[in-house]
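Hi everyone, thanks for having me. Today I'd like to walk you through one structure, a step at a time, and I'll pose a few questions along the way.

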Amino acid sequence: MDLTRAEFANEAFYLAFESKDFAAMDHLWSESREVICIHPGWPALIGRAAVMRSWQSILGNPAQGAVSFYGAEARPLGEGVCAVVCYELAGTATLIATNVFATENERLRLVLHQSGYCSNPPP
């Protein structure tokens, strides 16, 4: 697994998030595998339809503040699968996120995003 590709895919995820680009976000998520998304404080969303509805709601919300990330570290999880762990800055909150990517049609696509509050983040 090329971890540089995973870091690039992770950056593309946050670029779509920051720019509120639903089409880009939709393009990042797997279309052939089961997907899971856990937003902070939300119940688990399982299945592409539920996950994409959540992103459409979040990215279409004019009150949604900017979200950026730092400290990304990619780790292989097996053939064609890797996880990127990073920290998110959302307003005054720091969250920790895990983004799992799997190879699909020769490119990495998201299969899991989970983000939650981090009480003691690194600088």
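**Salt bridges and a pocket**

Let's begin with Asp-26, which is partly exposed, with a relative accessible area of 25%. Please keep in mind that this is a predicted model.

So, which residue does the side chain of Asp-26 meet in a salt bridge? The partner is Arg-48, at 2.9 Å from N to O. Have a look at where the two sit: Asp-26 belongs to helix H2, residues 22-28, while Arg-48 is in helix H3. They are 22 residues apart, and the pair links distant parts of the chain.

Where does Glu-31 lie? You'll find Glu-31 in the loop between H2 and strand E1 (36-38), and Arg-48 in helix H3, so this pair ties together parts that are 17 residues apart in sequence. Glu-31 is exposed, with a relative accessible area of 55%.

Glu-104 and Arg-109 form a salt bridge, with 2.9 Å between the closest N and O atoms. Are these two buried or exposed? Glu-104 is buried, at a relative accessible area of 6%, and Arg-109 counts as buried as well, at 5% relative accessibility. Salt bridges that share partners join Asp-26, Glu-31, Arg-48, Glu-104 and Arg-109 into one network. For the whole structure, a search finds 5 salt bridges.

My second topic is the largest pocket, which has a volume of about 240 Å³. How many residues line the largest pocket? There are 15, and those nearest its centre are Phe-17, His-39, Pro-40, Gln-64 and Leu-95. Several elements give two or more residues to this lining: helix H3 (48-59), strand E4 (81-90), strand E5 (93-104) and strand E6 (107-117). Which element gives the largest share? That is E6, with 3 residues.

And what kinds of residues make up the lining of the largest pocket? They divide into 10 nonpolar, 4 polar and 1 charged.

Definitions and conventions:
Residues are numbered from 1 along each chain as its sequence is written. This is a predicted model: local features need pLDDT of at least 70, side-chain atom pairs count only at pLDDT 80 or more; totals for chains, interfaces and linings use all residues. Side-chain values use heavy atoms; hydrogens and water are left out. On a 1 Å grid over the protein atoms alone, a cavity is a set of points where a 1.4 Å probe fits but cannot get out, and a pocket is an open set with protein on both sides within 12 Å along at least five of seven lines; lining residues have an atom within 4 Å of a point. Grid points are joined across faces, edges and corners, and a volume is the space filled by probe spheres set on the points. Helices (H or I, at least four residues) and strands (E, at least two) are DSSP runs, numbered from the N terminus. Ala, Val, Leu, Ile, Met, Phe, Trp, Tyr, Cys and Pro count as nonpolar, Asp, Glu, Lys and Arg as charged, and the others, Gly among them, as polar. A salt bridge is a side-chain nitrogen of Lys or Arg within 4 Å of a carboxyl oxygen of Asp or Glu. Buried means under 20% relative accessible area, exposed over 50%, partly exposed in between (1.4 Å probe, protein chains only).
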